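Please walk through this protein model with me, from the whole chain down to single side chains. Keep the viewer open as you read.

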Amino acid sequence: MRRIVFSLLLWLFAASLTLAQEHKVRFEFAMTRMDTLYDAAPPLRVSRIMHHYRPELEKEMMQVVGFAPAEMRAFRPQSPLSNFAADALWRVAAQYSREPVDFSLTNFGGLRASFPQGVVRIYDVYAVFPFENSLVLLELEGKDVQELFQTFAGANRMEAVGNVEVEIVGRKITKLLIGGQPFDPEKRYTVATIDFLLGGGDSVTALKRAVTVVDTGVMIRDVVLQYMSILKSEGKEVEAAIDNRIKIRNNE
């Protein structure tokens, strides 16, 4: 909840700047640490703002958006939560792309909590996806897609992927299917990912060579909420299976 309130305060600060510019209002501000010290003795003015908006904010955050038959946690090399996040990107990205989306990619580091067993609320979505990461669509040449997966293989890891089957043995790729088809180094692939990775986050540098880039401006948490709405319309629950998409093992 603290992250949500902090985001709201940032929005109020930006609005105050606009107001000051339009009406030439002068104001002063100072940085406040958002930690346990802040919890113990928050500034009175900030407390009043939070107290004013908290009831409406909590009402919004407690809205139920789905039902999870089991707790969904994130762990490598794949997990129900990481697969769910990647599937959400891949499925929802189709609404924003002119071309069919070949696969999706997001990072484990962006998954900061778990979905509880039972009802899933908007608050839970914000807790799992607290960062301001937006959905981006890009086109990658086959050679750059190959480098992307080889980089993961060399590190003996994979980030969360959708519509992909990859097998890594002894830090080498032994199988790579995209959309159920063997990887084609001559093909240009459309990828759904997040702006953090596009900028080289988590050492994912191959994405920087994208031929085209479209930043949808849609936050990943909103992508997830759209995906949950799609699942609900299809009579499905909030869940994802551990399947054959990622297999990593060392040489025996």
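The paragraphs below go from overall figures to one helix, then to salt bridges and the surface.

This is a predicted model: local features need pLDDT of at least 70, side-chain atom pairs count only at pLDDT 80 or more, and totals for chains, interfaces and linings use all residues. Residues are numbered from 1 along each chain as its sequence is written, and side-chain values use heavy atoms, with hydrogens and water left out.

Start with the fold. The protein chain has eight helices and 11 strands. Both kinds of element are DSSP runs numbered from the N terminus: helices are H or I with at least four residues, strands are E with at least two. The chain has 252 residues, and 41% of them count as buried. Buried means under 20% relative accessible area, exposed means over 50%, and partly exposed lies in between (1.4 Å probe, protein chains only). Now take contacts, meaning heavy atoms within 4.5 Å. Among those with a separation of 6 or more, 77% join residues 24 or more positions apart. The chain exposes about 14,100 Å², of which carbon and sulfur atoms supply 52%. Accessible areas come from the Shrake-Rupley method with a 1.4 Å probe; for residues, only the protein chains shown count as cover.

Next, find helix α4, residues 80-93. From first C-alpha to last, its 14 residues reach 20 Å, close to the 20 Å expected at 1.5 Å a residue. The expected span is 1.5 Å times one less than the number of residues. How many of the 14 residues of α4 are buried? The count is 12, so the helix is mostly covered by the definition of burial. Among the buried ones are Pro80, Leu81, Phe84, Leu89 and Val92. The cover includes helices α5 (122-128) and α8 (220-233). It also includes strands β2 (103-106), β4 (134-141), β5 (160-162) and β9 (188-194).

Zoom in on Asn83, a residue of α4. Asn83 is buried, at 1% relative accessibility. Its side chain makes a polar contact with the side chain of Gln78 at 2.7 Å. A polar contact is a pair of N or O atoms within 3.5 Å; within protein, one must be able to donate a hydrogen and the other to accept it, and residues adjacent in sequence count only if both atoms are side-chain atoms. Leaving aside residues up to four places away in sequence, Asn83 touches Gln78, Ala240, Ala241, Ile242, Asp243 and Arg245.

Now the charges. The structure holds 14 salt bridges, each a side-chain nitrogen of Lys or Arg within 4 Å of a carboxyl oxygen of Asp or Glu. One of them joins Glu141 and Arg188 at 2.9 Å, N to O. Glu141 sits in β4 and Arg188 in β9, so the pair ties together parts 47 residues apart in sequence. Glu141 is partly exposed at 25%, and Arg188 is partly exposed at 40%. Lys143 and Asp144 pair at 3.5 Å. Here Lys143 is exposed at 54%, whereas Asp144 is buried at 3%. Glu159 and Arg157 meet at 2.3 Å, and both are buried.

Finish on the surface. Val64, Phe67 and Val119 form a nonpolar patch there, with about 260 Å² of accessible area together. Patches are made of residues with over 30% relative accessible area and no salt bridge; like charges are joined within 9 Å, nonpolar side chains (Val, Leu, Ile, Met, Phe, Trp, Tyr) within 5 Å. Phe67 lies in strand β1, residues 64-68, and is partly exposed at 40% relative accessibility.
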